[in-house]
Amino acid sequence: MILTVTLNTALDITYRVRALSPHTSHRVSEVLERPGGKGLNVARVLATLGHEVTATGFTGGATGRVVRELLAATDGVRDAFVPLGTGTTRRTIAVVDDLSGDTTQLNEPGPLVTPVEWSAFQESYAALLPSADAVALCGSLPPGVPVGAYAGLVRAARTAGVPVLLDTSGEPLRRAIAARPDLVKPNADELAELTGSHEPLRATQEARRRGAHAVVASLGAAGLLAHTPEGRWRAAPPRTLRGNPTGAGDAAVAGLLSGLVENLPWPDRLARAAALSAASVLAPVAGEFDRGAYEDLLGRIAVTGEASAA
């Protein structure tokens, strides 16, 4: 079982319009609703790949009920969310411009989590770890959750002997990386903010020096850059695909996690992650990917680099 943690869960709502133009009214051609937040996007991709997943975090209010109802209809994902007493799960709005292919994202703030609710989550998380093959800690922190929360969750996973992947940003990333997660997966901007370097290879080296066992950086259309104890590699798709990029990084996380629990060599993990990330751009919403595009791309991802000397 793979455990995904989404502390700032959301109901993802996607609107499609012909062309998005400020200061005008728009006729929406399609509305889609999905359970959202980075960890839930990861969980849904993992389930599509055939892995059993347990999703945890917080849900609350009417929006939270919708998230759990939608999640219950997702094969392969088990709900282990901690309920909020009074807070309401946030919504995220993605407006997809069909003419340009661009997406505009609007993210509501998360609900206030009380100290009692945070303690209840920590107890639930500790109880789930013994049955987990790997854990993913994903996304932003809602109000009320301590900024060092992910550092504590990383340490708990490591104490339980469970490999842990961290995908967050800013101060939560800065603090949690010192707890020595097995893998961090920042994008180029998050990596530069963490390390102060805009040169990806140097930045991944610095992130490892700060505590990460391995680093895989998302470089957008340029693919992925990995710096690991086993070696350094780049993985790039053969072409750039136009579509909705929301969730592309989450699809990459799912590829890395599935490769980890299947004990794939690093080049194969990276090829899977890059193919999933590219194929997710063609899907209508985050947490999904175009199966045909994924299978076509998987064998055509260019992975370059070399293993470390034994």
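Contact here means that heavy atoms lie within 4.5 Å of each other. The views below show a predicted model.

View 1. Which residues does tyrosine 125 contact, leaving aside neighbours within four places in sequence? They are Leu3, Val5, Val135, Leu137, Leu153, Ala156 and Ala157. Leucine 270 is 145 residues from tyrosine 125 along the chain, and their C-alpha atoms are separated by 28 Å.

**View 2. Threonine 168 occupies the loop between E10 and H5.** Is threonine 168 buried or exposed? Its relative accessibility is 6%, so threonine 168 counts as buried. Beyond residues up to four places away in sequence, threonine 168 touches Gly139, Tyr150, Leu173 and Glu190. With glycine 139 there is also a polar pairing: a polar side-chain atom of threonine 168 lies 2.9 Å from the backbone oxygen of glycine 139. Threonine 228 is 60 residues away along the chain, with 19 Å between the two C-alpha atoms.

**View 3. Helix H6 spans residues 188-195.** Asparagine 187 caps its N-terminal end. A side-chain oxygen of asparagine 187 lies 3.1 Å from the backbone nitrogen of aspartate 189. Within H6, the buried residues include Glu190, Leu191, Ala192, Leu194 and Thr195. What covers them? The cover includes strand E10 (164-167), helix H5 (170-177), helix H7 (200-209) and strand E12 (214-218). After H6 comes glycine 196, with a positive phi near 80°.

**View 4. Helix H10 runs over residues 291-298.** Ala293, Tyr294 and Leu297 are buried. Seen down the axis of H10, these buried residues fall within an arc of 100°, so they line one face of the helix. Helix H9 (266-280) is part of what covers them. The N-terminal end of H10 is capped by aspartate 290. One of its side-chain oxygens lies 3.1 Å from the backbone nitrogen of glycine 292.

**View 5. The structure holds one cavity of 30 Å³ or more.** About 50 Å³ of space lies in the largest cavity. Ten residues line it, and the closest to its centre are Asp12, Thr14, Ala94, Thr246 and Ala286. Strands E2 (10-17) and E7 (90-97) each supply at least two lining residues. E2 gives the largest share, three residues. By type, the lining has four nonpolar, five polar and one charged residue.

**View 6. The largest pocket has a volume of about 1,100 Å³.** Its lining counts 39 residues, with Lys38, Pro245, Gly247, Ala248 and Gly249 the closest to its centre. Elements giving two or more residues are helix H1 (38-48), E7, strand E8 (103-107), helix H8 (248-261) and H9. Which element gives the largest share? H8 does, with four residues. The lining divides into eleven nonpolar, 20 polar and eight charged residues.

**View 7. The second largest pocket holds about 160 Å³ of space.** Of its 14 lining residues, Asp182, Leu183, Leu260, Trp266 and Arg269 are the closest to its centre. E10, H8 and H9 give two or more residues each. H8 gives the most, three residues. The lining here has ten nonpolar residues, one polar and three charged.

Technical notes: Residues numbered from 1 in each chain as written. Predicted model: local features only at pLDDT ≥ 70, side-chain atom pairs only at ≥ 80, totals over all residues. Heavy atoms only, no water. 1 Å grid on protein atoms, 1.4 Å probe; cavity = no way out; pocket = protein on both sides within 12 Å on 5 of 7 lines; lining within 4 Å. Points joined across faces, edges and corners; volume = space filled by probe spheres on them. Nonpolar A, V, L, I, M, F, W, Y, C, P; charged D, E, K, R; others polar. Buried < 20%, exposed > 50% of the residue type's maximum accessible area, 1.4 Å probe, protein only. Polar contact = N/O pair within 3.5 Å; in protein donor to acceptor, adjacent residues only side chain to side chain. Arc of directions from axis to C-beta.
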